[in-house]
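Reader: I am new to this structure. Please take me closely through one part of it, in short sentences.

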Amino acid sequence: MSPVIKRRGEEFTLPSKYLLFILTVICISTIIITFNTSVFTGPLNSFAGVFVVPFQKGITTVGTFLKDTTDKLSSITQLLDENERLKAQLDELTIENTNLEQEKYELTELRNLYELDAQYEDYQKTGARIISKDAGNWYHSFVIDKGSDDGIQIDMNVIADGGLVGRIIDVGPDWAKVQAIIADNASVSGMVLSSSDNLIVSGDLEQYRQGYITFSKLVDDADKVSIGDKIVTSNISDKYLPGILIGYISTIDDDSNNLTKSGKITPAVDFEHMNVVLVLLDQKKNAH
Amino acid sequence: MNIRRLLFNFIFIILSFILQTTVFRVFDFGGVTPNLLLIFTSSTAFIKGDKSGLVTGFFCGLLVDIFFGSYIGFFALIYMYIGFIVGKLHEIFFTQNLAIPILLIIISDFVFGFVCYVLMFLFRTKFNIGYYMTNIIIPEIVYTALVAIFYYPLILSINNSIDEREQRSAKKFV
């Protein structure tokens with residue numbers, strides 16, 4: 001007799017191998033569906049918003065509070081010394097500031113002259129706190145505490161410390177998932193600021209452990225690009241706004257095809273100790 | 001499956017996930033966190049058998065997929081099969097000994113890491129398996145095993161108390 005058929009007086013039970021088979025089919029079909037469409041994200045994201053995100057927010061807030069308090073207590077003496085030092089520095093900086101003020105005046109003059117429209121200080125942005133990081137150890141993505149209710153949409157750029165962090169890849173009502181540029185499956189179209197040569201910046205798990213991300217496909221026949229050059233997001237990227245700082249070149253190697261170059265970049269952002277990020281509310285496809 | 005067990009499983013899955021993504025991210029060693037969801041899947045499978053194991057694994061994986069997976073169902077599949085295979089050993093081994101479940105958790109974490117490497121990295125022509133082994137898979141196993149020494153007895157004792165209640169209420173009706 002088949003074990004699936006219900007017998008009189010017995011509770012209906014499904015043998016585990018059938019259950020395994022059914023769930024396997026479900027999983028494979030959802031993988032295929034999500035590979036091609038985004039049907040499920042709505043309801044599942046609201047589920048996450050109700051059950052998981054509030055706890056993550058709470059724990060992160062408490063954790064940050066505790067850490068801040070201990071830091072405060074332990075660093076009072078340190079702060080007193082630092083205060084002395086900073087006061088001295090302040091005088092120096094005031095002088096420097098006046099110099100810079102003059103230079104800035106000159107700069108704005110020149111910008112107006114060339115009608116160069118703005119760096120990313122002009123973009124609208126909103127601050128957000130990181131509330132949880134990837135469950136696995138393979139990729140670098142994290143969740144922030146603002147979502148579609150705060151006007152965040154997929155593909156918005158995320159920055160911190162003046163450098164590029166990544167972009168939004170998934171949004172719930174009050175949370176959003178950010179894929180970092182150091183993730184092994186992420187790549188960004190970049191540009192060398194000094195020479196405007198385009199290159200591809202891609203995250204690499206092996207390199208990141210040593211504090212680098214990699215770049216490739218740099219065409220630089222004239223050998224103009226050198227170590228220490230600034231890399232920013234390029235004008236031709238379709239997801240990232242132009243001119244956001246990514247990092248600085250630390251090594252350059254010739255590729256075996258002798259046409260392109262590749263190497264390593266030191267990222268501008270410290271991804272290990274990042275708590276707060278800024279989301280740029282302007283998107284590439286809408287801007288200008 | 002009564003309501004109490006259902007509630008316990010639900011709370012524990014959510015708790016494991018939240019701890020894994022927040023608290024243990026602060027206490028990480030070299031950027032590696034223990035895989036609490038895998039501990040919970042393997043423990044449930046080992047204590048209750050293959051069916052509970054595969055259902056628990058499915059929901060644990062689904063939670064990871066919702067938050068961090070690119071495709072929904074990918075991690076659910078991996079966790080589910082680990083739960084099912086560990087659950088098959090439920091009939092073979094005696095549950096009261098701590099060494100065997102910890103060993104099983106270690107093996108299942110290794111299998112998990114290896115499958116992740118093959119599916120997500122080897123297929124994208126990243127062949128340096130030694131690097132991934134020494135920097136991610138092995139540290140994760142060690143950390144997971146350490147946490148499992150404390151986590152498994154907790155799951156076991158709560159499970160036993162629920163079992164006892166179930167038996168008591170079953171006796172009432174006889």
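Author: Helix α2 (residues 36-48) of chain B and helix α5 (residues 99-120) of chain B have axes that come within 10 Å and cross at roughly 130°. Because of that angle, α2(B) is oblique to α5(B). Oblique is what remains once angles under 35 degrees (roughly parallel), over 145 (roughly antiparallel) and 65 to 115 (roughly perpendicular) are set aside. Axes are lines fitted to C-alpha atoms, for helices over the stretch in contact, with angles from 0 to 180 degrees between N-to-C directions. Helices are DSSP runs of H or I, at least four residues, and strands are runs of E, at least two, numbered from the N terminus.

The model is predicted: local features need pLDDT of at least 70, side-chain atom pairs count only at pLDDT 80 or more, and totals for chains, interfaces and linings use all residues. Residues are numbered from 1 along each chain as its sequence is written, while chains are lettered from A and ligands numbered from 1 in the order in which they are written.

Back to the crossing. α2(B) passes α5(B) in a right-handed sense, meaning that the near helix is turned clockwise from the far one by less than a right angle. From α2(B), the contact draws on Leu38(B), Ile39(B), Ser42(B), Ser43(B) and Phe46(B). From α5(B) come Pro101(B), Leu104(B), Ile105(B), Ser108(B), Asp109(B) and Phe112(B). Contact requires C-beta atoms, placed from the backbone, within 7 Å. By class, seven residues are nonpolar, three polar and one charged. Here Ala, Val, Leu, Ile, Met, Phe, Trp, Tyr, Cys and Pro count as nonpolar, Asp, Glu, Lys and Arg as charged, and the others, Gly among them, as polar.

Conventions: Contact = placed C-beta atoms within 7 Å.
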